[in-house]
Amino acid sequence: MISKEELVDKIENTKLERMPDLGDSYEKRIYLDDDNVLIVGYNQEEKFDVDDPDEEKVRNFFWYWELRNSLTWDVLFENQDKTYSFCESEVGGWSDNDRVEDVVGDLAEEDVCRWSEQDWIEDISEDIADEVLNWIKSLEKEV
């Protein structure tokens with residue numbers, strides 16, 4: 001079985017690829033032992049568009065992961081509960097990366113995107129690895 005450290009490394013370093021025809025959706029595929037593949041990705045959950053260019057526009061995303069049989073593509077386990085989410089905001093032509101607070105005032109990032117605490121895969125990779133390793137252990141018990 002794969003070690004937690006190796007799995008965390010693969011989760012963090014495997015490249016995300018844009019999913020065709022799914023809008024703003026990205027995922028990575030990590031092939032594991034015993035014909036299993038771990039899919040880790042994120043989808044855009046909802047979008048708040050505002051006509052006023054001086055108003056903040058917010059896009060919400062949530063992380064998901066699932067363990068599939070790589071031969072049949074059957075879903076063995078999944079976590080799509082939207083517990084891990086992040087958002088991006090834009091005000092006028094300024095985005096989170098351009099220091100939105102320069103446009104809207106002296107605001108902390110969490111005040112611009114209040115629920116944006118898992119922006120990077122590194123923020124949640126250990127939690128994903130723990131859950132996936134538990135899934136793999138339960139599969140081994142079934143055999």
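1. Lys82 is partly exposed, because its relative accessibility is 39% (buried means under 20% relative accessible area, exposed over 50%, partly exposed in between, with a 1.4 Å probe and protein chains only). Its place is the loop between S5 and S6. Phi of Lys82 is near 65°, a positive value in a residue other than glycine. Bear in mind that this is a predicted model, in which local features need pLDDT of at least 70, side-chain atom pairs count only at pLDDT 80 or more, and totals for chains, interfaces and linings use all residues. Residues are numbered from 1 along each chain as its sequence is written, and side-chain values use heavy atoms, with hydrogens and water left out.

2. On to the rings themselves. Rings of Phe, Tyr and Trp (its six-membered ring) pair if their centres lie within 6.5 Å; planes under 30 degrees apart count as stacked, over 60 as edge-to-face and the rest as tilted. The count by this rule is six aromatic pairs. One of them joins Phe62 and Tyr64, with centres 6.3 Å apart and planes at 55°, so this pair is tilted. Phe62 and Tyr64 are both buried.

3. Trp65 and Tyr84 make another tilted aromatic pair, at 5.6 Å centre to centre and 45° between the planes. This pair links distant parts of the chain, 19 residues apart: Trp65 is in strand S4 (residues 56-69), while Tyr84 is in the loop between strand S5 (75-79) and strand S6 (85-91). Both Trp65 and Tyr84 are buried. Elsewhere, Tyr26, Tyr42, Phe61 and Trp63 form one aromatic cluster.

4. For the overall layout, the protein chain has four helices and seven strands. These are DSSP runs numbered from the N terminus, with helices (H or I) of at least four residues and strands (E) of at least two. Along the sequence the pattern reads α-β-β-β-β-β-β-β-α-α-α. Of the chain's 143 residues, 36% count as buried. Among contacts (heavy atoms within 4.5 Å) between residues at least 6 apart in sequence, 55% join residues at least 24 apart.

5. Where does Trp135 sit? Its place is in helix H4, and it counts as buried because its relative accessibility is 8%. Leaving aside neighbours within four places in sequence, Trp135 is in contact with Trp65, Glu66, Leu67, Phe77, Glu78 and Asn79. Trp135 and Glu78 are 57 residues apart in sequence, yet 9.3 Å apart in space, C-alpha to C-alpha.

6. Lys137 is found in helix H4 too. With a relative accessible area of 41%, Lys137 is partly exposed. The C-alpha atoms of Lys137 and Met1 are separated by 8.8 Å, although the two residues are 136 apart along the chain.

7. Val37, in strand S3 (residues 36-48), is worth a look. It is buried, with a relative accessible area of 0%. Once neighbours within four places in sequence are set aside, the contacts of Val37 are Arg29, Ile30, Tyr31, Leu32, Glu66, Leu67, Arg68, Ser70 and Trp73. Val37 and Asn69 are 32 residues apart in sequence and 6.2 Å apart in space, C-alpha to C-alpha.

8. Trp73, one of those contacts of Val37, is found in the loop between S4 and S5. Its phi is positive, about 70°, although Trp73 is not a glycine. At 31% relative accessibility, Trp73 counts as partly exposed.

9. Last, the second largest pocket, which holds about 170 Å³ of space. On a 1 Å grid over the protein atoms alone, a pocket is an open set of points where a 1.4 Å probe fits, with protein on both sides within 12 Å along at least five of seven lines; lining residues have an atom within 4 Å of a point. Grid points are joined across faces, edges and corners, and a volume is the space filled by probe spheres set on the points. The lining has 11 residues, of which Asp34, Asn36, Ile136, Leu139 and Glu140 lie nearest the centre. Helix H4 (residues 125-142) gives the most to this lining, with four residues.
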